[in-house]
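Okay, thanks for making time, everyone. I'd like to walk you through one model today, so please have a look at it while I talk.

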Amino acid sequence: MKSPVHRCRDVEHGRGQGRTGAGTSCLQAEQRIPISKDVITSSAASAMWFIRDLCGIVCAIITWLLVLYADFVVLFVMLLPSKNLTYSIVNGTLFNILAFLALASHLRAMCTDPGAVPKGNATKEYIESLQLKPGQVVYKCPKCCSIKPDRAHHCSVCKRCIRKMDHHCPWVNNCVGENNQKYFVLFTMYIAFVSLHSLLMVVFHFLYCFEDDWTKCSSFSPPATVILLILLCFEGLLFLIFTSVMFGTQVHSICTDETGIERLKGETGRWVKVPCWEAMETAFGGPFSLSWCSPFAGLSCYRSPPEHDPVPQGKIIEEDVIEIPLN
């Protein structure tokens with residue numbers, strides 16, 4: 001028998017149990033109904049996913065501006081003035097490929113539905129259409145009035161329940177969830193590579209300028225060159241540390257089949273965990289291949305049409321913990 005704390009998947013469950021009484025709160029965990037992906041697919045199939053959050057939009061714009069600033073310094077301060085043409089072509093091509101993949105991954109992470117549960121489907125008609133067995137239990141989110149699948153949590157910024165929600169990241173202006181975790185992992189990985197590459201080039205450029213005349217190693221004045229390189233060095237070091245840590249935590253979450261919010265709330269051991277490699281294949285969309293490293297493979301930014309019947313309309317059920325059969 002699970003305790004009420006371990007049975008609740010979110011804060012709303014705790015409030016719902018208080019309203020439904022001790023009899024409902026003592027239901028066994030095995031009575032939960034696992035709601036399939038087909039059932040929770042959003043009905044807004046043709047709309048592109050985008051969160052209208054001012055803070056998130058500003059952070060996303062800042063992210064792009066920082067990458068473009070790094071690209072400007074690398075190209076116009078370090079590579080174009082270089083006398084070694086091969087060095088400039090190789091490093092310029094590599095840096096721009098990494099930067100392009102980083103921005104593409106950021107865009108996919110921001111514009112992909114992370115696994116949102118449809119709003120307002122906590123109706124008697126809809127629950128009856130699921131054909132549940134007597135004694136089974138479903139949970140309703142009191143904020144978005146949706147039937148909450150197992151391992152889903154409500155995001156106060158997205159204002160939706162998100163399947164396997166890890167956290168809400170303002171830098172991508174979106175939740176990191178079941179459907180876009182791959183793109184977030186790729187974003188952190190490519191930003192880490194971009195940061196490391198820029199730091200190495202800054203070090204080599206400083207050494208080259210110290211040995212040569214500062215007026216010849218850059219098209220900018222020596223003070224402007226030093227300031228631009230120091231700012232790039234600070235940016236690269238900061239983001240290298242930050243994205244490396246985030247990349248490590250995301251890979252760890254995938255391998256342990258446990259999201260960040262589940263660890264934070266102590267919701268561990270309530271589901272059968274899959275092996276690490278199987279979890280990686282699920283998150284990255286199939287067996288290991290080069291497509292794992294591509295932000296263009298896998299899910300589309302546009303949600304595909306649902307393959308199930310529309311959610312029946314009706315009055316929202318007031319209870320947060322709903323036992324079958326319905327009264």
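Quick housekeeping. This is a predicted model, where local features need pLDDT of at least 70, side-chain atom pairs count only at pLDDT 80 or more, and totals for chains, interfaces and linings use all residues. Residues are numbered from 1 along each chain as its sequence is written, and side-chain values use heavy atoms, with hydrogens and water left out.

So, the overall picture. The secondary structure comes to 11 helices and seven strands; those are DSSP runs numbered from the N terminus, with helices being H or I of at least four residues and strands being E of at least two. Of the 327 residues, 49% count as buried. Buried here is under 20% relative accessible area, exposed is over 50%, and partly exposed is in between, with a 1.4 Å probe and protein chains only. Contact means heavy atoms within 4.5 Å. Take the contacts between residues at least 6 apart in sequence: 75% of them join residues at least 24 apart.

Now the helices. Two packed helices are described by the angle between their axes and the distance between the axes. The axes are lines fitted to C-alpha atoms, for helices over the stretch in contact, and the angles run from 0 to 180 degrees between N-to-C directions.

Start with α5, residues 54-79, and α8, residues 181-211: they pack at an angle of about 30 degrees, with axes 11 Å apart. That makes α5 roughly parallel to α8. The α5 helix passes α8 in a left-handed crossing, where left-handed says that the near helix is turned anticlockwise from the far one by less than a right angle, and right-handed is the clockwise case. Who meets whom? On the α5 side we have residues including Thr63, Val67 and Val74, and on the α8 side residues including Phe187, Ser198 and Met201. By class, the α5 contact with α8 has nine nonpolar residues, three polar and no charged. Nonpolar is Ala, Val, Leu, Ile, Met, Phe, Trp, Tyr, Cys and Pro, charged is Asp, Glu, Lys and Arg, and the others, Gly among them, are polar.

Next, α6 against α8. Here the angle is about 155 degrees and the axes are 8 Å apart. That makes α6 roughly antiparallel to α8, and the crossing of these two is left-handed. The contact is made by residues including Leu94, Phe95 and Leu98 of α6, and Tyr190, Val194 and Ser198 of α8. The tally for α6 with α8 is 18 nonpolar, five polar and one charged.

On to the core. In soluble globular proteins, nonpolar side chains tend to be buried together. What I call a nonpolar core is a set of buried Ala, Val, Leu, Ile, Met, Phe, Trp, Tyr and Cys residues joined through side-chain atoms within 4.5 Å. The largest one has 43 residues, and the members that touch the most others are Val74, Met78, Tyr190, Leu229, Leu232, Ile254 and Phe284. Elements giving two or more residues to this core are α5, α6 (85-111), α8, α9 (222-256) and α11 (276-284). The largest share, 13 residues, comes from α8. There's also a second, separate core of eight residues, which includes Ala116, Cys155, Cys158 and Ile162.

Let's zoom in on two residues. Val74 lies in α5 and is buried, at 0% relative accessibility. Not counting residues up to four places away in sequence, Val74 touches Leu79, Phe95, Ser198, Met201 and Leu232. Ser198, in α8, is buried too, at 2%.

Most residues other than glycine have a negative phi. Which way does Arg151 go, positive or negative? Positive: its phi is near 70 degrees. Arg151 is found in the loop between β2 (147-148) and β3 (152-155) and counts as buried at 9%. Asn173 has a positive phi as well, about 50 degrees. Asn173 lies in the loop between β5 (167-169) and β6 (174-176), buried at 1%.

Terms used:
Angles under 35 degrees count as roughly parallel, over 145 as roughly antiparallel, 65 to 115 as roughly perpendicular and the rest as oblique.
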